[in-house]
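Student: Could you show me how to read a few local features in a model, step by step?
Tutor: Gladly; let us look at it together.

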Amino acid sequence: MSLIEGAASEDAGAANEPLAARMRPRDLTEFFGQEHLVGEGKILRQMIERDQIPSMILWGPPGVGKTTLANVVANLTKAEFVNYSAVTSGIKEIKEIMARAESGRRVGMRTVLFVDEIHRFNKAQQDAFLPYVEKGSIILIGATTENPSFEVNSALLSRCKVFVLKALGEDDLVALLRRALTDERGFGRLSVQASDDALRKIALFSNGDARSALGTLETAVANAEFDAEGRPAVTEKVLSQVISRKALMYDKTGEEHYNIISALHKSMRNSDPDAAVYWLARMLEGGEDPLYIARRCVRFASEDVGLADPNALLLANAVWDSCHNLGVPECNVHLTQIVVYLSLAPKSNAMEEAYNRAARDAQEMMAEPVPLQIRNAPTRLMKELEYGKGYTYAHDTDEKIARMSCLPDSLAGRRYYTPSGLGREASMKARLKAVRDWREGRTETPPFSTEAYTGRQG
């Protein structure tokens, strides 16, 4: 008999329940994470405590509390709560539930319907909910790991409030694991010894997934060693057997994480695809979230490539979508593609520099008035105050550009965007010079003529 079986033998009902099920929060005081939604004074918490919840979609990765929040609602609501699975049920069951809910509505009874994995429903099944949500026969709570913008019908989505749940932070997971060790529903009777460092390793291995963290802890306790006082202990040796080695090689929130993402970024910036692919592999083989790497590539495409190759941003976003839809290991080759592309793309940091320069001026001179000539004048009073006076509609000119300033007077002549002259930005540089030369009267050559655009003007 294992350690866990021995502890559970006193409670036959709990013997076959995994730790995650036994430790499921019963109310918001036992809930970890999602402070932006259920912290004190936050909107979802107030709705739940007042039993005034709207139809909603709970969107987030696995193990972050979607089903748990639904169970908390079930425990607190005065409405009938129906738990429904999109995996095991079909249209017939939906219609039966809707008929009961409509009957209840007529006598003043509310029905809360929780649909797990609502993204698995097809259009017809989702459409079956719509009239009942509209009439208020049901309050729908849908849970999904997929983007509801793509997986939930727009008509149904527009009638639901979407709440985005985030992966749990390391501190939340450690607190959850510590409670599982002390709570009698967990291992409270066993006096299991586990250091904070051990719990943090389990938390890091779990990638923000509470269910995974509790499952890992359960396995570790089942294989625990015993200390000198006969107490079960989760030792380093036990952890090395329970947690895959690659997860321990790469701390996704520690110094090595930031060292390696820095190495990837700087290798791409230095046009070194071999080094960039190596650091990419180090991250992925260490268990890094591919979406994190994809987001960094999207940022790099504008920060370090920019208009020198506008296609870089399009490809980076396409790779982000591929990572989202495929996950690992399938998306590894997509990330390799964008890392190599960005490494070999012409480089320009003009976008970042332009924004940083403008941001400094904006922070120092926040109250600069908008010039009268580019103010909108929808009322007679505004026109009398000369809003819009002197405005020239660029399309009405032969040059398709007006010789008027659009910056505040105190910033006249400021230069924020400075093209690098590499890749496609070479033509941007010539175009910008032609525009500025013409606007400031240094040339009469039309700024968008062939001569001006190619930089051949005198």
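Tutor: We will go through a helix, its packing, a strand residue and some backbone features of this predicted model.

Student: Which residues of helix H11 are buried?

Tutor: A general idea comes first: an α-helix has 3.6 residues a turn, so residues three or four places apart point the same way. In H11, which spans residues 196–205, the buried ones are Ala 198, Leu 199, Ile 202 and Ala 203. Viewed down the axis of H11, these buried residues fall within an arc of 140°, so they line one face of the helix.

Student: And what do the buried residues of H11 pack against?

Tutor: Their partners are helix H10 (170–182), helix H12 (210–222) and helix H13 (236–242).

Student: How should I describe the packing of H10 with H11?

Tutor: Two packed helices are described by the angle between their axes and the distance between the axes. Here the axes of H10 and H11 come within 9 Å and cross at roughly 120°. The two helices are therefore oblique to each other, and their crossing is right-handed. On the H10 side the contact includes Leu 173, Val 174, Leu 177 and Leu 181, while Leu 199, Ile 202 and Ala 203 are among the H11 residues that take part. By class, this contact of H10 with H11 has 8 nonpolar, no polar and 5 charged residues.

Student: Is Thr 111 buried or exposed?

Tutor: Thr 111 belongs to strand S3, residues 111–116. Its relative accessibility is 3%, and under 20% means buried, so Thr 111 counts as buried. Beyond its neighbours within four places in sequence, Thr 111 is in contact with Ala 79, Glu 80, Val 82, Ala 101, Ser 137, Ile 138 and Ile 139.

Student: What should I look for in the backbone?

Tutor: Most residues other than glycine have a negative phi, and most peptide bonds are trans. Asn 207 is not a glycine, yet has a positive phi of about 55°. Asn 207 sits in the loop between H11 and H12 and, at 43% relative accessibility, counts as partly exposed.

Student: Where does Lys 400 lie?

Tutor: Lys 400 is in the loop between helix H21 (380–384) and helix H22 (425–439). Lys 400, also not a glycine, has a positive phi of about 60°, and with a relative accessible area of 44% Lys 400 is partly exposed.

Student: Which peptide bond is cis?

Tutor: The bond from Val 328 to Pro 329 is cis, with omega near 0°. Pro 329 is found in the loop between helix H18 (311–326) and helix H19 (332–344).

Conventions:
Residues are numbered from 1 along each chain as its sequence is written. This is a predicted model: local features need pLDDT of at least 70, side-chain atom pairs count only at pLDDT 80 or more; totals for chains, interfaces and linings use all residues. Side-chain values use heavy atoms; hydrogens and water are left out. Buried means under 20% relative accessible area, exposed over 50%, partly exposed in between (1.4 Å probe, protein chains only). Helices (H or I, at least four residues) and strands (E, at least two) are DSSP runs, numbered from the N terminus. The arc is that of the directions from the helix axis to the C-beta atoms. Contact means heavy atoms within 4.5 Å. Axes are lines fitted to C-alpha atoms, for helices over the stretch in contact, and angles run from 0 to 180 degrees between N-to-C directions. Angles under 35 degrees count as roughly parallel, over 145 as roughly antiparallel, 65 to 115 as roughly perpendicular and the rest as oblique. A crossing is left-handed if the near helix is turned anticlockwise from the far one by less than a right angle, and right-handed if clockwise. Ala, Val, Leu, Ile, Met, Phe, Trp, Tyr, Cys and Pro count as nonpolar, Asp, Glu, Lys and Arg as charged, and the others, Gly among them, as polar.
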